[in-house]
Amino acid sequence: MPRGRRGSRVSALEGGREEEAPPAADAVPSVLWASGQQPEAAAEQILLRGIFEIGRDSCDVVLSERALKWQPIQPERPTGDSKCDFLRKEEFIELKDIFSVKLKRRYSVRQQNCGTLLGITLFICLRKEQNKLKDSTLDLINFSEDHCDTWFRQFQKILADFSNRPKSLKILLNPQSHKKEATQVYSEKVEPLLKIAGIKTDVTITEYEGHALSLLKECELQGFDGVVCIGGDGFASEVAHALLLRAQKNAGVETDLILTPIQAQLPLGVIPAGSTNVLAHSLHGIPHVVTATLHIIMGHIQPVDVCTFSTTGKFIRFGFSAMFGFGGRALALAEKYRWMSPNQRMDFAIIKTLAKLKPEDCEIAFLPFNSSQDLEERSTEGSRKSDCNDQWQMTQGQFLNVSIMAIPCLCSVAPRGLAPNTRLNNGSMALIITRNTSRSEFIKHLKRYTSVKNQFNFPFVETYTVAEVKVHPRSNSSRHNPEEEDGPYETTSGKSFPWNIDGDLMEVASEVHVRVHPRLINLYGGRIEEMIPK
């Protein structure tokens, strides 16, 4: 679709204020509208009707309560002409897919005023293959100031009625994520779309680990509709943890032992700019920056379960997933090689940890997740009472790895997810226990994650769907050996064991108690197939 007459410089104006022309977007494939299922038309009120040039055709355009429809105006043909119906096929877009509207003008060097009006540009969120979203434009060309002003104001009114869409966002950016490309990702892909959508932003570039946590504890958030983090999984988890801690503080909840946490007060947007992007991949079905940004702009909200991690009488943190054993040891070793690139140091750590593969001797107690009734009870009454000992199950022995995950944990090396049977908000966690076995068999198990085969179809792997888990390392487990880089770690409080919680290393010396809390935080996003009614 043309963006203006040949040789002209076109930019968009909104409310009489001049803005730079947005980056050229691909023309919207009209076949997606013409052949798709049209919105319900029964008793749908027509708001406006007029003539615009769309592409190279003069079209009869109708704006109704739910959709914008148009069809080319064709000259009258002889009765019985079989081509008539085909040429007059109607196309449409749904209004809920429009995220911005601007007046389209052409400027010349000598013009001192607001330029020559060409029409109206609609900015559209387009659904592509799988879970991918893409921004596109539709130009409605008409040179009449009054005509375009009437339509422009009507479109503005329609967009204002989408109250769930954010108007002001607090942006937190981690410049150290992955290849230190988060700043570039924001300036080139995220910021332009937020500007087109008219969303006000307040950007803070974090300066050290834990900066986002300390910032969100004290900063004023009343004027924002949401918080957006740009970085990797560790950074996203830190921001989610900070928002939830802020909610507990505001509600006066004692944070030493959180049994029934309060939901985060603002939704969180996650823009992937890390090395694995597990949270963004699980949330959107694809680790795609534009898709994540458009979910935020469109105000798509996805409630997500969150875990609490605590030791005896002490709360540790909020998180979405954790690994103990191999997963914790590999991350702990990778942290000693921070001078390497993220991918290099993690690959190196995995290989070295496999070379020194050894199990952890521990006891694992878990509370099975039973039914939707269990979810409803815990949603209304808080966490399940832990004193019902007859419901707990226990296993003990030598374990190579223990995974506890409240989300599917999709990533490039595990396209089905580390916990493929888990959902974002089904109120349960996946407990995956890998018992001691040979190195070759354990490697076979790890390789299965990269394929479509069942990675749990091994005699040494056990899977459970649980509501709570307690992991208690035995006191004689993995005696500290100064020559081993991956043994228990000396801290001020004594020996500790490494945990990988959302990509962050946590060193804990005693039992860890993990609870899942249904729909504790709202995230901007959602997979397309889950958003669209069947």
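**Close-up 1. The hairpin of β14 and β15 in a predicted model**. Two residues lie between the strands of this hairpin, and Gly 313 has a positive phi near 70°. Strands β14 (residues 301-311) and β15 (residues 314-319) run antiparallel and are joined by five bridges. Ser 310 has Phe 315 in β15 as its bridge partner. Strands (E, at least two residues) and helices (H or I, at least four) are DSSP runs, numbered from the N terminus. Residues are numbered from 1 along each chain as its sequence is written. In this predicted model local features need pLDDT of at least 70 and side-chain atom pairs count only at pLDDT 80 or more, while totals for chains, interfaces and linings use all residues; side-chain values use heavy atoms, with hydrogens and water left out.

**Close-up 2. Strand β14 beside strand β24**. β14 pairs with β24 (residues 512-524) in the antiparallel sense over nine bridges; pairing requires at least two bridges found by DSSP between two strands. Opposite Cys 307 stands Val 516 in β24. Nine of the 11 residues of β14 are buried, so the strand is largely enclosed by the rest of the structure. Buried means under 20% relative accessible area (1.4 Å probe, protein chains only).

**Close-up 3. Helices α5 and α6**. The axes of α5 (residues 211-218) and α6 (residues 233-251), lines fitted to C-alpha atoms over the stretch in contact, come within 9 Å and cross at roughly 25°, with angles running from 0 to 180 degrees between N-to-C directions. α5 is therefore roughly parallel to α6 (angles under 35 degrees).

Terms used. Angles under 35 degrees count as roughly parallel, over 145 as roughly antiparallel, 65 to 115 as roughly perpendicular and the rest as oblique. Buried means under 20% relative accessible area, exposed over 50%, partly exposed in between (1.4 Å probe, protein chains only).
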